[in-house]
Amino acid sequence: LVIAEPSAGRSRGHFYRFARSLRAVAPEIGADVLMAGARVSTVEGLDSEDRELMVPAFEYSHWDAVAEITEEPMRGISRFASLRVTELERLYERLTLTPDDVVVFLMANLVDVLAAGTWLARMPREKTPAVRMLFHFMPFQEAQWFKLTDQELRHAYGVGLAQLAEHCGNRLRLFAQSGALALDLTDALRW
């Protein structure tokens, strides 16, 4: 199980607690847990257990995209998604991921959805790891951050999710941090 969260490494705390909790129960099912976080990681002060969990993999986070997009929003989002695709390809090679592995995008967002779909489209289906997306906020919040209309954002999510589904088949799972958010996302994304 690879937890993909580019903000881990730049921040401490809940990302690592979550990964440690999963790692504690993983041996019962014959699994292992790694946290794929920021390449520019701040390891000072991390417990050795957290340092052992961390695989520096990402240079850019979703929040970098929000802060740094100066061009037309969709062009900027596409640029950040393409950078994420390259990072995911490096992570795949570094960890020698297989179809038995699961990659969880812990703070799923539009950049992750678009990048993951493109990343998986570039590899043969028989080599594709399973993908899980865990959502913590509604798309309309992203629309505000990226200065997009709700319709533009829904369309972009629709394209990204369709691409993911095409390459993951029934191995794709979308989760939300609460039942209420799951219902709202189902309605907003028509998924």
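Residues are numbered from 1 along each chain as its sequence is written, and side-chain values use heavy atoms, with hydrogens and water left out. As the model is predicted, local features need pLDDT of at least 70 and side-chain atom pairs count only at pLDDT 80 or more, while totals for chains, interfaces and linings use all residues.

I start with the sheet. Helices (H or I, at least four residues) and strands (E, at least two) are DSSP runs, numbered from the N terminus. Two strands pair if DSSP finds at least two bridges between them. Six strands make an open, parallel sheet, and their order is E3-E2-E1-E4-E5-E6. Strand E3 (54-58) and strand E6 (172-176) are at the edges with a single partner strand each, so one side of each has no neighbour in the sheet. From one strand to the next, the twist averages 25°; axes are lines fitted to C-alpha atoms, for helices over the stretch in contact, and angles run from 0 to 180 degrees between N-to-C directions.

Within the sheet, strand E1 (residues 2-4) is joined to strand E2 (residues 34-38) by three parallel bridges. There, Ile3 is opposite Met35 in E2.

Helix H1 (residues 14-25) lies across E1, E2 and E3, at about 160° to E2. Helix H7 (residues 150-168) also packs on the sheet, where it touches strand E5 (130-135) and E6, and its direction makes about 135° with that of E6.

Next, Glu5, in the loop between E1 and H1. Leaving out residues up to four places away in sequence, Glu5 touches several residues, including Phe15, Met35, Phe58 and Leu106.

Last, backbone angles. Most residues other than glycine have a negative phi. Thr96, in the loop between helix H4 (73-95) and strand E4 (102-105), has a positive phi near 50°. Thr96 is exposed, at 58% relative accessibility. Lys147, in the loop between helix H6 (139-146) and H7, has a positive phi near 60°. Lys147 is exposed too, at 69%.

Definitions and conventions. Contact = heavy atoms within 4.5 Å. Buried < 20%, exposed > 50% of the residue type's maximum accessible area, 1.4 Å probe, protein only.
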